[in-house]
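Reader: I have a model open and would like to learn how to read its features. Could you take me through a few?

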Amino acid sequence: MLLAILALWPLQGAAAAYFSLAGLLLVYLAGGLPAAWRAAATLWEERILDIDLLMVVAAVAAAAVGAPFEGAVLLTLFSLSTTLEDRALGRARRAIEALMELRPETALRKAGGAVSEIPAADLEMDDVVVLRPGARVPADGVIVAGRGSLDEANITGESMPVAKEPGAQVFEATVNLDGVLEVVVTKTVEESTIARMIALVTEAQAAKAPSERFSAWFGQRYTVAVMAGAVLAFAAFYWLGRDWEGALYRSATLLVAASPCAIVISVPAAILSALSAAARGGVLFKGGGALETLAAVDTFAFDKTGTLTTGKATVTAIVALDSDERGFLSLLAGLEAHSEHHSAAAIRQEAASRDIEPMVVANVATRPSAGIVGEWGDDQVWAGNPRLATQMKAAIDHPALKVLAADTQTVIYLGRGAQVLGAVTIADQIRPTSVRAVAALRQSGVATIVMMTGDRLPVAQRIGAELGLKPAEIHADMLPEDKVRMVSELAAAGKIAFVGDGVNDAAALARADVGIAMGAAGSDVALQAADVALLSEDMGRLADAHRLAQRSASIIRQNLAFAMGAMAILVTGGLFFELPLPLAVIGHEGGTVLVVLNGLRLLRDPIRYERNQSRSSSHAPAISRSTSSAQRQAYHRKISRRVG
């Protein structure tokens, strides 16, 4: 390195000349050989003329015409810019992979009343793990005993601790803040949420966006054009009267000035940074294509239940036509015990709160967007909406049932054959973040926002009014095929994103230009069905993801405009003015570094919990089981400062 520096310093005398020559030779070897090796490997394996080849040829040409100093400057700055690019892009790639470091190495497994410490990698399905305050969760699981709060910033990006109780899911690498919990393992380390996140982000980074593919396609072909153009430029300058050294010097300058390094790197630098920033905030894009498409979306279509609303419905009224509420609720709960629908959970919870034992119902089958049917003894029983009642040829015109139907809450009818036994009303509440998210999307330029639901129109209108939607933007009583049809109609007018739970709306998610799954941290189906997965149930993440996509598109445009403009100026200077080769080198390499740094600005723009709160940390502090009380208190103070 010392020889290289001295080689670039003006020296006098024979000894100094030899010393300078040795330094120049070292620079050419250190900077040229790695680039030449990469270029040769790319040419041999992929049959592509790489940009590295342009730089090596230009440096050799400079040395051939008696300007080895300029060639040394070129190789030095090219090596420096390549190193900076690799380090910068490596930083973006490591942003999500750093989650691996948060995995605890050991776990406390409870078996037969005894607790033992074992490697976390040895945990198996159905093992029971004990979590003490300050411990990290060693594997995905479900709480079976204890209550406490967990910091889930690692997975969902939530800045506020989340209260957990028996039956709640916990995710690997999240931090138990207080309370002693017992968790049954539901997924091994290889299948955990973090493992899936890393796999999805790795696949996303490998999946090229359209602009990335075009940039690479353009760069490869443009490189060949530059090589050919340099040869033609040499011939032209020589024909115009320059000696061969002067013509070669000018063609070498053009070779450097016209190299498309900045154009080729400008797009992946921005997209890779945006993907990593989004993943840190609990939003997974399945490739740069989804990111680019989301930026162009001008229509958002939302499923209602579990997306715009919490999906945690409660029973608000019960009408048993035979006046036996307990028997009615017991049969209904027995039937709904076989359903995963949000209303079924509310009915089961209502029965449990009244200490009512569900009846045994067999041969249960789901009727999509209608309800559920089963067998109770020798009778066929069913529960669902008016559509299912019609299918069962049951009349729902009883005066008491008409009163329920007139309300804006969801009505679930229970019947035996063609006889209606009664009904319950279910109320669902909108998410606290949905109103702000819808407003933020409108402010960001989204022209059309619609809500689609299989629920009754009065219920949909109540929810839509709270969200600020117009009557024309509310669509109710829709079957899955109706949603797909409407998404297709909206897609004909522009880019559309459909937001759903990733399970019931798989067809609509697939048909939309961008399918977005809500609350997908614990759902394999949701992660597979959508182009974008919001691991949190915070609707604010959707608006921030859209804003991040728009910023990414803007930075890509900035990078391409700057790279092309700088290249045009340098080429003009090389053709019509006496542009020195060192200045062309500085302009070329400096422009490359600038577009990379501009793209990396997106790393400082992660998805945030709320716009009026501080950014959540993407990595929770690691707290071991041996953490002292003082350390634990310091940790709680740190959490308090972060979320305050």
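Reader: Which residue in β8 is the bridge partner of Leu150?

Author: Strands of a sheet pair through backbone hydrogen bonds, either parallel or antiparallel. Here Leu150 has Asn176 as its bridge partner in β8. Strand β5 (residues 148–151) and β8 run antiparallel and are joined by two bridges. Strands here are DSSP runs of E, at least two residues, and helices are runs of H or I, at least four, numbered from the N terminus; two strands pair if DSSP finds at least two bridges between them. This is a predicted model, where local features need pLDDT of at least 70, side-chain atom pairs count only at pLDDT 80 or more, and totals for chains, interfaces and linings use all residues. Residues are numbered from 1 along each chain as its sequence is written, and side-chain values use heavy atoms, leaving out hydrogens and water.

Reader: What is the strand order in the open sheet?

Author: The order is β6-β5-β8, with antiparallel pairing. Because β6 (162–164) and β8 (175–176) each have a single partner strand, they stand at the edges, and one side of each is left without a neighbour in the sheet.

Reader: Let's turn to the core. Which residues does Phe302 touch?

Author: A nonpolar core is a set of buried (under 20% relative accessible area, 1.4 Å probe, protein chains only) Ala, Val, Leu, Ile, Met, Phe, Trp, Tyr and Cys residues joined through side-chain atoms within 4.5 Å. Phe302 is among the members that touch the most others in the largest core, of 47 residues. Contact means heavy atoms within 4.5 Å; leaving aside residues up to four places away in sequence, Phe302 touches residues including Thr307, Met451 and Leu542.

Terms used
Buried < 20%, exposed > 50% of the residue type's maximum accessible area, 1.4 Å probe, protein only.
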